[in-house]
Amino acid sequence: ANGIRLTLEAPHRASPHDALTLPMDRTMVRQILLGVLSYLGEQLVEGEIVVRVRTEDQQQIVEMVGTGQQTPTTTVHQREEQLATLHELAELQSAQLEPLAGMAGNVGFCLRLPRVPRRTVLLVDDNSDILELYQRYLLQRYYQSVPVQSGGEALRLASQLQPQVIVLDLMLPEQDGWEILQRLTNHPDTHQIPVVICSILRARQLALALGAAAFLEKPVEEMDFLGVLDTLMAG
């Protein structure tokens with residue numbers, strides 16, 4: 001809107017060890033934020049809308065505050081309908097949209113977005129292009145990917161990081177994927193971690209018989225890849 005300035009105040013970058021992400025539909029979150037900003041813009045003739053982002057406990061908090069000359073361009077009924085729609089969208093995503101109280105001369109809202117710890121996926125493949133592909137698949141989802149290109153490194157990190165899932169190629173140098181799978185499933189520190197075999201070999205039945213939780217044949221499609229991971233996480 002004319003005469004209204006938008007300012008974003010974001011926190012300093014957190015440590016990667018504390019990384020959290022939103023278990024929410026990004027398009028829906030964008031619609032909620034744009035809806036609130038549009039609502040605030042309709043209440044101001046001129047002034048500033050400040051957006052503040054902070055983390056509190058296991059939630060990400062987005063505060064949106066409009067400051068300036070207030071002359072609503074919509075009726076009370078229209079504003080009530082707008083707010084009702086925004087509240088419904090927030091509830092669909094297990095988020096909370098609350099008016100900010102005690103703000104004389106200002107109008108604002110607090111959007112509380114639920115957060116969950118990022119879940120770690122250990123990616124094991126000697127092909128760097130394949131690793132980059134898997135990482136792109138996981139980039140916009142609530143997974144933290146750890147790529148490695150050797151079986152020995154995979155065994156070390158599996159024990160150290162305790163990832164939620166391991167994605168394993170069968171054709172690895174030095175130690176092949178079959179050996180790595182057996183060592184993972186037989187070791188007390190890693191036997192409980194589900195292993196997804198991704199390979200050009202048509203060895204689904206053998207992989208499952210030897211302890212793999214799932215098998216995907218290369219080339220692996222994004223929806224198949226994410227579908228298997230989501231199913232294992234839900235289990």
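Ser199 is buried, with a relative accessible area of 0% (buried means under 20% relative accessible area, exposed over 50%, and partly exposed in between, using a 1.4 Å probe and protein chains only). The model is predicted: local features need pLDDT of at least 70, side-chain atom pairs count only at pLDDT 80 or more, and totals for chains, interfaces and linings use all residues. Residues are numbered from 1 along each chain as its sequence is written, and side-chain values use heavy atoms, with hydrogens and water left out.

**Overall content**

- The protein chain holds seven helices and twelve strands; helices (H or I, at least four residues) and strands (E, at least two) are DSSP runs, numbered from the N terminus.
- Of the 235 residues in the protein chain, 40% count as buried.
- Among contacts with a separation of 6 or more in the protein chain, 66% come from residues 24 or more positions apart; contact means heavy atoms within 4.5 Å.

**The parallel sheet**

- Five strands make an open sheet in the order E9-E8-E10-E11-E12, and the pairing is parallel; two strands pair if DSSP finds at least two bridges between them.
- Strand E9 (143–148) and strand E12 (214–217) are at the edges with a single partner strand each, so one side of each has no neighbour in the sheet.
- From one strand to the next, the twist averages 20°; axes are lines fitted to C-alpha atoms, for helices over the stretch in contact, and angles run from 0 to 180 degrees between N-to-C directions.
- Four bridges join strand E11 (residues 195–199) to E12 in the parallel sense.
- Helix H4 (residues 151–161) packs on this sheet, where it touches strand E8 (119–124), E9 and strand E10 (165–168), and its direction makes about 150° with that of E9.
- Helix H7 (residues 222–234) lies across E8, E9, E10, E11 and E12 and runs at about 150° to E10.

**Ser199 in strand E11**

- Ser199 belongs to strand E11, and its bridge partner in E12 is Glu217.
- A polar atom of the Ser199 side chain lies 3.0 Å from the backbone nitrogen of Leu201.
- With neighbours within four places in sequence left aside, Ser199 is in contact with Asp169, Leu170, Phe215, Leu216, Glu217 and Lys218.

**Phe225 in helix H7**

- Phe225 is found in helix H7 and counts as buried, at 1% relative accessibility.
- With neighbours within four places in sequence left aside, the contacts of Phe225 are Leu123, Tyr134, Tyr137, Leu138, Val167, Cys198, Leu216 and Val220.
- Phe225 and Cys198 are 27 residues apart along the chain, and their C-alpha atoms are separated by 9.2 Å.

**The H4–H5 helix pair**

- Two packed helices are described by the angle between their axes and the distance between the axes.
- The axes of H4 and helix H5 (residues 177–186) come within 10 Å and cross at roughly 15°.
- That makes H4 roughly parallel to H5; angles under 35 degrees count as roughly parallel, over 145 as roughly antiparallel, 65 to 115 as roughly perpendicular and the rest as oblique.
- The H4–H5 crossing is right-handed; a crossing is right-handed if the near helix is turned clockwise from the far one by less than a right angle, and left-handed if anticlockwise.
- Gly151, Leu155 and Ala158 of H4 meet Ile180, Arg183 and Leu184 of H5.

**The mixed sheet**

- Another open sheet of five strands has the order E1-E3-E4-E6-E5, with mixed pairing.
- Strand E1 (4–9) and strand E5 (96–99) are its edge strands, and each pairs on one side only.
- The twist in this sheet averages 15° from one strand to the next.
- Strand E4 (residues 59–70) pairs with strand E6 (residues 106–114) in the antiparallel sense over nine bridges.
- Ile61 stands opposite Arg112 in E6.

**Backbone geometry in loops**

- Most residues other than glycine have a negative phi, and most peptide bonds are trans.
- The peptide bond from Lys218 to Pro219 is cis, with omega near 0°, and Pro219 is found in the loop between E12 and H7.
- Gln162, in the loop between H4 and E10, has a positive phi near 50° and is partly exposed, with a relative accessible area of 29%.
- Glu174, in the loop between E10 and H5, has a positive phi near 65° and is exposed, with a relative accessible area of 83%.

Definitions and conventions. A polar contact is a pair of N or O atoms within 3.5 Å; within protein, one must be able to donate a hydrogen and the other to accept it, and residues adjacent in sequence count only if both atoms are side-chain atoms.
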